[in-house]
Amino acid sequence: MELIPPGQRILNMVADGSISSAEALKMLAKAHYRLPLEREREGAREALAELEGLVGLQHVKALVRELCAFIEVQRMRREKGLAAEPLVLHMIFRGNPGTGKTTVARLLGKIFRGLGVLEKGHVVEVERADLVGEYIGHTAQRTRECILRAKGGILFIDEAYSLARGGEKDFGKEAIDTLVKSMEDRKNDFVLILAGYLAEMEWFLKTNPGLRSRFPIQLDFPDYDHNELLSIAEQILEQRQYTLTPQARKLLSNLLKRPEHSNGNARTVRNLIERAIRRQAVRLMSLDDISTDALQLLAAGDLEVEWQ
Amino acid sequence: MRLCTVIGGPNTGKTLFTINFVEYLGHRRLTILSNGGRRARTTLSPQAARQSLVSAREFSTRTLMELEVRLGRGIRLTLIDTVAISDLVHPDTSLRRAMAETVDVIRRAHVLLHLVDSEAMIRDPEGKLQAIDRAIATYASTRKGYAILVNKTDVQDGRAAFVRMKQAYPGLPVLAISALRRRGFKAVRAFVSVKS
């Protein structure tokens, strides 16, 4: 996807005589977002490419592409003086652990920074314990602190539904109210992402009817299927410059079919491989002469669950 | 280094202000970091600069000039004298390119000194601001390091123009200066010295 620097385009229009410098300033004034630097736009391009490179997540990728196009078009409309939709980018991420929610949030931060919607694009990851305090008033203060830390970036609340679990009297309610208020007061300051299991998030949104309309973007992260898990394994191995012996490959495929590993969780795959890497290291240390190939090769024995 | 940009419409006295202000800050010579995009550190006496760079014509400054300024206590500043910007599209291509560069440094500047010509305000039948000045003020009014310098307040009715300006922009720092007579420079120095 092509990202054209908005500020640069306005400057080009001044230089080629299609607008006066006064008009350029008017356009820049209307653009209530900051104009990203070239370095940041490069970061967005890289993040987009990285997102495309992730295994699976077809719907997520399609939606992010749509979102980028929407942001760009609204900006162009604003530049031309046309009515533009306000950008509300708060999101709900639904999916099991290890399905890529945090990874996608990090990439979105970089993309939004490059598109000029977020000033910094960093991700502040919090959970209930970070937001909820111990006495009345404490929660609002703690929640505000988290929001302040996320200023210019993304506030990512994992297992967000736990904020509503305690019912009306729980301090979690206070955290939700503080979040909702900040979403209105600091509209363009931060993006809020509420993440959690599909069913729990559904229940959460049902019990807080006002919330759903404030989160126009909902992304579902399905569990990875067996083939996707294998592709993820390949990616991890490639990044770390390791290869599997044919036997190890077969064993890995079988391991990922086992009930305890077949929960569609990318973290499980990563852990399996990391464990194998450590075991390979131990195995190699007992050898006298270690070749480059041996350093790269993970054997079936390294992957075994019961390790002798 | 912090960027301080001198901006304004045609013939508002940007270049004369820049030279005289640098001299006021105690510099015997101007240290030019770049001129028209060419990076070459040179120095020039204020007198020679005034003779060669300042004129009563519009658009006599055709390129951006970056100067190095020391404010004392180790604070350094890059002061940029810019090309006049306007609400009209200028037929000269190279001047338009320089205007685009000016808009670019306006975006990047930490401190914006917006020069307004009080004589032009007086000439206007309703005493109103020029269109370009309104556009600049609208763009920059939400920024921290923005000040309006009403120049040429040494002329007759110059003070009146300044008062009118202050009333029009109550929330903004509006300073009366005379680039020619070097008046009001103390307040400008205080303004650019504040870390925003």
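Student: How many bridges join β2(B) to strand β3 of chain B?

Tutor: This is a predicted model. Strand β3 of chain B covers residues 38-44. It runs antiparallel to β2(B). The bridges that join the two strands number five.

Student: Which residue in the turn between β2(B) and β3(B) has a positive phi?

Tutor: The two strands form a hairpin. Two residues lie between them. The one with a positive phi, about 60°, is G36(B).

Student: How many bridges join β2(B) to strand β4 of chain B?

Tutor: Strand β4 of chain B spans residues 65-70. β2(B) and β4(B) run antiparallel. One bridge partner pair is I32(B) with L67(B).

Student: How many residues of β2(B) are buried?

Tutor: Buried here means under 20% relative accessible area. Strand β2(B) has six residues and is mostly covered. The buried ones number five.

Student: Now chain A. What share of its residues is buried?

Tutor: Chain A has 308 residues. They include 15 helices and seven strands. The buried share is 48%.

Student: What share of the accessible surface of chain A belongs to carbon and sulfur atoms?

Tutor: The accessible surface of chain A comes to about 15,500 Å². Carbon and sulfur atoms hold a share of 52%.

Key
Residues numbered from 1 in each chain as written. Chains lettered and ligands numbered in written order. Predicted model: local features only at pLDDT ≥ 70, side-chain atom pairs only at ≥ 80, totals over all residues. Heavy atoms only, no water. Helix = DSSP H or I, 4+ residues; strand = E, 2+ residues; numbered from the N terminus. Buried < 20%, exposed > 50% of the residue type's maximum accessible area, 1.4 Å probe, protein only. Areas by Shrake-Rupley, 256 points an atom, 1.4 Å probe, with all protein chains shown as cover. Pairing = 2+ DSSP bridges.
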